[in-house]
Amino acid sequence: SSGINAEYGEAMDRFVKLNRLCESKVDYDPWPLFDRLNCDRILVSAALSTSKRFLRSGIGTKLVLRSEELAKEKGCKATMLVTTGMYSERLFKKLGYTAEQEVYYSDLKDDNGNVYLNETDVLKKFTKFVKVFNE
């Protein structure tokens with residue numbers, strides 16, 4: 001039991017540090033976007049994930065389009081999000097999102113200079129996207 005807690009604690013500590021590092025590298029602060037767009041409501045999306053067995057089935061697209069629809073109904077002028085892989089990046093580009101910033105995993109290192117996340121064929125970078133809704 002104590003081994004699990006110790007392992008979980010180390011993993012959580014590493015996750016928290018990675019999250020803070022990502023926030024420092026990827027400008028994920030929506031407040032400047034409010035000023036830039038002169039608006040008072042923006043949808044900031046945190047996560048979208050589907051099972052591998054549903055890849056390329058259109059579920060992700062439907063979820064994004066529905067979230068945009070709801071955001072517009074609630075008076076949002078734009079949406080902002082960060083993708084972590086090639087497939088989600090492709091999806092958001094297809095749906096008219098604009099890439100505003102990219103940070104490669106190889107640039108995210110701990111205090112000892114070790115890379116937090118290893119790049120793969122489909123996971124190489126974080127990309128911040130913004131989409132302004134037509135009025």
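**Close-up views of a predicted model**

**View 1. R66 and E69 are three residues apart in helix α3, so about one helical turn separates them.** Helices (H or I, at least four residues) and strands (E, at least two) are DSSP runs, numbered from the N terminus. This is a predicted model, in which local features need pLDDT of at least 70 and side-chain atom pairs count only at pLDDT 80 or more, while totals for chains, interfaces and linings use all residues. Residues are numbered from 1 along each chain as its sequence is written, and side-chain values use heavy atoms, with hydrogens and water left out. R66 and E69 form a salt bridge, with their closest N and O atoms 2.5 Å apart; the term stands for a side-chain nitrogen of Lys or Arg within 4 Å of a carboxyl oxygen of Asp or Glu. R66 counts as partly exposed because its relative accessibility is 40%, and E69, also with a relative accessible area of 40%, is partly exposed. Here buried means under 20% relative accessible area, exposed over 50%, and partly exposed in between (1.4 Å probe, protein chains only). By the salt-bridge rule the count comes to eight.

**View 2. A salt bridge joins R36 and E100.** The closest N and O atoms of R36 and E100 are 2.6 Å apart. This pair links distant parts of the chain, with R36 in helix α2 and E100 in strand β3, 64 residues apart. E100 has 34% relative accessibility and therefore counts as partly exposed.

**View 3. K125 forms a salt bridge with E89.** The closest N and O atoms of K125 and E89 lie 3.5 Å apart. Distant parts of the chain are linked by this pair: K125 belongs to strand β4 and E89 to helix α4, 36 residues apart. K125 counts as buried because its relative accessibility is 14%, and E89 counts as buried at 9%. Elsewhere, salt bridges that share partners join D27, R36, E100 and K128 into one network.

**View 4. Four strands form an open sheet in the order β1-β2-β4-β3.** The pairing in this sheet is mixed; two strands pair if DSSP finds at least two bridges between them. β1 and β3 (98-104) stand at the edges with a single partner strand each, so one side of each has no neighbour in the sheet. From one strand to the next the twist averages 15 degrees. (Axes are lines fitted to C-alpha atoms, for helices over the stretch in contact, and angles run from 0 to 180 degrees between N-to-C directions.) β2 (residues 78-83) and β4 (residues 125-132) pair in the antiparallel sense over six bridges, and V130 in β4 is the bridge partner of M80. Helix α4 (residues 86-94) lies across β2, β3 and β4, at about 15 degrees to β4; contact means heavy atoms within 4.5 Å.

**View 5. N38 lies in the loop between α2 (31-37) and β1.** Phi of N38 is near 50 degrees, a positive value in a residue other than glycine. Most residues other than glycine have a negative phi. N38 counts as exposed because its relative accessibility is 69%.
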